[in-house]
Amino acid sequence: MFRGLTPLRLAALAFAGTALTILMPQSLEAQEPEKTTLWGDMHTVSQDLMDRAASDGNNFLHTNGNYQQTRYFPSRQINASNVHKLRPAWIFQTEVVETMETTPIVVNGVMYVTTAFNHVYALDARTGEQLWHYKHQMGPVTTFCCGPNNRGVAAYGNMVYLGTLDAKLVALDAKTGKKVWEQQIADPELGYSETMAPTAVNGKILIGTNGGEYGIRGFVKAYDARSGSLLWTFNTIPEKSVGVWATHDATGRDMLRDIDAEKAALKTLGDPYKTLGGGVWQNPAVDLETNRIFFVVGNPSPDLDGAIRPGDNLYTSSTSPTMSGTWTQSARRSWSMSPMPAARRFPVSCMAARPGTSTCTGAMIAARFASPRRWCPRKTCGCCRPRKASACCRAPMAVSNGRRWR
């Protein structure tokens, strides 16, 4: 996985900050596959390096492994036959003793990990030695619902990028950990915060927002990777969020809505789009061929009381891709999920407990759900249901080009 490691001394991470190694007889070293290809300058995270991440066994450059977000790692040194032989190689104790939801990013043997309350560590992945430690100076106001978590950094060029609980985007020098620039994404006093890892693509840093419990209006924003200047904002909630007063969800289930009562509330309260929620706090999948990103939009706000948010609450609890022809100045919605019964072979996007959908049209291709004990069968699934709070936002999108979703 990392250059400089001897055979069968592969460091694999556990979330508790422990590195593991496989202890095996030296006679088995001949069974090791050849070293994976080294793409370009390993010290600089180029766009080409990011594009090839799915076949790069020397680094781990994306939160979910690659732009398609398959979470598949190509190296074969650790496998089902020897994983039971993993043993601790080193342990690193972070300064913050709190929840850890980070995905380590590894570039040429340097591992970047984050902790709660927005600390960033650069570690030597071979030894666990700390190279640098960045402590974010938190602003006076933070608003977050579900713990002070952070899901990791994005690495791009010579910098790493961090979203913070006080709703900022911070760029750090990858070699020193010193802050290069900082941008205020949104106002934490209005309920906004950041726990997601940013996504780097084509010179842009993409980031969504938390706050679906606090009456925010969800978005995805793009910033210039070098300067930090804001390039575009895509709002997940349109100004007309009422929709078509759908009575059934995408799987055909009757939602038992009182449409007359909702229309009466709309006349009194108006369209709730400014405070309807719809946060984006999971990384988007990226299709470079079509210049589309695919992401899941979170729950409406308030999540449990629907009386003050009449209408279909577009586009909360949904799959929503955006498309930009230039990746620079604008973004627009391509589609949101709609039902289609037939299963065909063409590019699809999917996520856990969510139907597979066409990346071109958003039409449902197939729906296959896990055990109803853990998730929900087709007839009772709560995903992609107008007006309903669901766990749709808790699993990131994945894209498969030209393969049938299974």
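I count a residue as buried when its relative accessible area is under 20%, as exposed over 50% and as partly exposed in between, with a 1.4 Å probe and protein chains only. By that cut-off, 55% of the 406 residues in the protein chain are buried. The model is predicted, so I keep in mind that local features need pLDDT of at least 70 and side-chain atom pairs pLDDT 80 or more, while totals for chains, interfaces and linings use all residues. Residues are numbered from 1 along each chain as its sequence is written, and side-chain values use heavy atoms, leaving out hydrogens and water.

**Entry 1, overall.** I looked up the secondary structure and found two helices and 23 strands in the protein chain. These are DSSP runs numbered from the N terminus, helices being H or I with at least four residues and strands E with at least two. I then took contacts, meaning heavy atoms within 4.5 Å. Of the contacts in the protein chain with a separation of 6 or more, 59% are between residues 24 or more positions apart.

**Entry 2, the sheet around β6.** I use pairing for two strands with at least two DSSP bridges between them. An open sheet of four strands runs in the order β4-β5-β6-β7, with antiparallel pairing. β4 (105–107) and β7 are the edge strands, each pairing on one side only. Direction ignored, neighbouring strands of this sheet are turned by 15° against each other on average. The axes behind this angle are lines fitted to C-alpha atoms, for helices over the stretch in contact, and angles run from 0 to 180 degrees between N-to-C directions.

How many residues of β6 (residues 119–124) are buried? Six of its six residues are buried. From β6, His119, Tyr121 and Leu123 point one way, and Val120, Ala122 and Asp124 point the other way.

I followed β5 (residues 110–114) next and found five bridges to β6, in the antiparallel sense. Threonine 114 is opposite valine 120 of β6. Four residues lie between the strands in the β5 and β6 hairpin, where phenylalanine 117 has a positive phi near 65°.

In β7, tyrosine 134 is the bridge partner of valine 120, and tryptophan 132 is that of alanine 122. The β6 and β7 hairpin has five residues between the strands, and glycine 128 takes a positive phi near 85° there.

For a nonpolar core I take buried Ala, Val, Leu, Ile, Met, Phe, Trp, Tyr and Cys residues joined through side-chain atoms within 4.5 Å. The largest one has 51 residues, and the members touching the most other members are Tyr112, Trp132, Val160, Tyr161, Leu169 and Trp232. A second, separate core has nine residues, including Phe92, Met111, Tyr121 and Ala125. I then listed the neighbours of tryptophan 132, not counting residues up to four places away in sequence; among them are Tyr112, Val120, Ala122, Val160, Leu172 and Gly177.

I pair rings of Phe, Tyr and Trp (its six-membered ring) if their centres lie within 6.5 Å; planes under 30 degrees apart are stacked, over 60 edge-to-face and the rest tilted. The count comes to six aromatic pairs. Tyrosine 112 and tryptophan 132 make a tilted pair, at 6.0 Å centre to centre with 45° between the planes. This pair links strand β5, which holds tyrosine 112, with strand β7, which holds tryptophan 132, 20 residues apart. Both tyrosine 112 and tryptophan 132 are buried.

Phenylalanine 234 and phenylalanine 295 form an edge-to-face pair, 6.1 Å centre to centre and 75° between the planes. Phenylalanine 234 lies in strand β15 (residues 230–235) and phenylalanine 295 in strand β17 (residues 292–297), 61 residues apart. Phenylalanine 234 and phenylalanine 295 are both buried.

I noted an open sheet of four strands in the order β8-β9-β10-β11, with antiparallel pairing. Why is one side of β8 and of β11 left without a neighbour in the sheet? β8 (154–156) and β11 (179–184) stand at the edges and each has a single partner strand, so one side of each has no neighbour in the sheet. From one strand to the next, the twist averages 20°. Inside this sheet, β9 (residues 159–163) and β10 (residues 168–173) are joined by five bridges in the antiparallel sense. Glycine 163 is opposite leucine 169 of β10.
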